[in-house]
Amino acid sequence: MSLRKRIEETVENYIRKNWKVDKKIVFEKPKNPDYGDYALPLFILSRLKKESPEKIFQEIKKVVEEEFKGYVEELNFLKGFLNLRLSYDALISNLKEILKKKENFGKADTGKNKRVNLEFVSANPTGPLNIANARAASMGDTLANLLENAGFYVEREYYVNDSGNQVKVLEKSLNARIKELKGEKVEFPEDGYPGEYLVEIAKEIIEKDIKNPVEYAVDKILESQKESLLKIGVKFKNFVRESEIRKNRKVEKVLEKLKKHTYEKEKALYFKSTEFGDDKDRVLIKSAGEPTYFLVDLAYHLDKIERGFEILIDIWGPDHHGYIGRMKAGLKALGFENFEVLIAQQVNLKKGKETVKMSKRKGIYYTMDELIEEAGKDAIRMFMLLKSFESPLEFDIELARKTGVENPVYYLQYMHARCVNVRKFAEEKGITADSFEGRYLEGEDERKVLVMLFYFKDILEKSAIFKSPHLLPHFLLELAGVYHSYYQKKRIVGDDIKVSRARLALNNACEYIIKKGLKLMGINAPERM
RNA sequence: GCGCCCGUAGCUCAACUGGAAAGAGUGCAGGGUUGCGGACCCUGAGGCUGUGGGUUCAAAUCCCACCGGGCGCACCA
């Protein structure tokens, strides 16, 4: 457990025991680094205890100082805040921990190996993946990495909608292409999929004399989707097919379980989802006798639960937000509430100042493959991760393919390359960080770096808990800024061997942290650029 | 008409989930003379957080109304 968390819990326990009050204590990063390394607003505690913030401060100060002597250099009171400054001992023991654990530094057991099913992308198997899928892929994969790092057991899952309407449309489109190729005159279906890829598949079907064209096409498309995903560095553990869910009678099963919450109206079977928080009741079985998409999807989610997952997380596109209510209601009726939907907002493509208009109907859209070809995996993941889930994002292709300062991904990679270079330079001179002495790092410039390294655990923890992968790249950019600045100010490998060793320790810790951060984001950490 | 998301520096975005004087990057203006990589560093200008009310000791953050952008509102998936 991190030192920060230990202090927080100590204060929590103290308040519970002595004030008989349950209050979560959360340290913040102070507005101004001069105040300290951690801050705690005392206003709420002050109200709870009906005493002045200053008095509260004195009380907490005593507790913390008793328990964490040596780790805390200073506690001060300012405008209602408690500010805490870490000691160099604390900072340097953190540094040592990084050097010792390297890529394993920051791993936590908060997840207690709980089983998480993270479903994302889940595009229809009717065409190539697009840029919105690239966003979902980048964010989903990174979130999975973060959760794993926090001690959860995570399976990345992709749902394949290989039955239902869109597959029928695919079939119509495909048949039209086949007929075209055979020289017959046909009108291409208006709502069909006009992309070139279907022509290619149609050709293969004719050449190989495939018996079941749609099935073949779905498999083909799914395979190419998988390839695209691998190109962007995402590997799914499970691909679950809708047809399997139907075939395994999961639909009947979920229907049975929901039976007492249903009624019939105009020959259709309704689920009383309003009883579970939805704004209207939903059809499960259409009057024609077929299950709705919702019912099958519910069956699929029941299947996830039956596979032993304790936490379900879905990442959906913005066009599905109206669907959250009924899904939650359905799962609640099944007795499962640990279900969360993250909406990955839309991506607008730009080329410099020009907006790239996309139209599915006209078949004009940027595929993920095209984007990868133009901008590269690393830049895409960086840009996709920089924004929080809820905010729509402008993706500037021109910017992403630039290899200069404007492109933040290089700023991070450059830091890594620089760290490695310094370490190797030192090694050639026979200098290592092995027996460094912390007292040579007790300067303000060094302290800035040490504190950033100390914050890394907080970021890992927070980005996992709040499911906010965007916190990570923002942190790394700040770390890189501090590192580059330090590098500029202080020579790392110099004449004094003891000073060199100590600074090298700092350098190497930076290397491991940036490397780990980039890895979590699925971005390469090159040693040379 | 109803619901959801967004609106923060010229541009792209943060802001620890209600906390201190709203921060980065880019762009713009200027600067950095042996040495570990100049894809770097330093300085500066740039803001009524869309508008108007409210709640609070404290609001970019919560509530109400309005303006603007996006998306939903199916016995489609």
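In what follows, Lys and Arg count as positive and Asp and Glu as negative, with His and the chain ends left out of the count. The structure before us is a predicted model, and on that convention chain A carries 95 positive and 85 negative charges. The mean position of the positive charges and that of the negative charges are 2 Å apart.

Let me turn to the overall dimensions of the chain. The secondary structure consists of 19 helices and 14 strands. Chain A has 529 residues, of which 53% count as buried.

Where does Ala433 lie? Ala433 is in the loop between helix H16, residues 408-428, and helix H17, residues 444-465. Is Ala433 buried or exposed? Its relative accessibility is 10%, and therefore Ala433 counts as buried, the cut-off for buried being under 20%.

Which residues is Ala433 in contact with, once its neighbours within four places in sequence are left aside? They are Arg501, Leu504, Ala505 and Asn508. For one of these, Ala505, the separation can be stated in two ways: Ala433 and Ala505 are 72 residues apart in sequence, and their C-alpha atoms are 4.8 Å apart in space.

How values were computed:
Residues numbered from 1 in each chain as written. Chains lettered and ligands numbered in written order. Predicted model: local features only at pLDDT ≥ 70, side-chain atom pairs only at ≥ 80, totals over all residues. Heavy atoms only, no water. Helix = DSSP H or I, 4+ residues; strand = E, 2+ residues; numbered from the N terminus. Buried < 20%, exposed > 50% of the residue type's maximum accessible area, 1.4 Å probe, protein only. Contact = heavy atoms within 4.5 Å. Charge placed at Lys NZ, Arg CZ, Asp CG, Glu CD.
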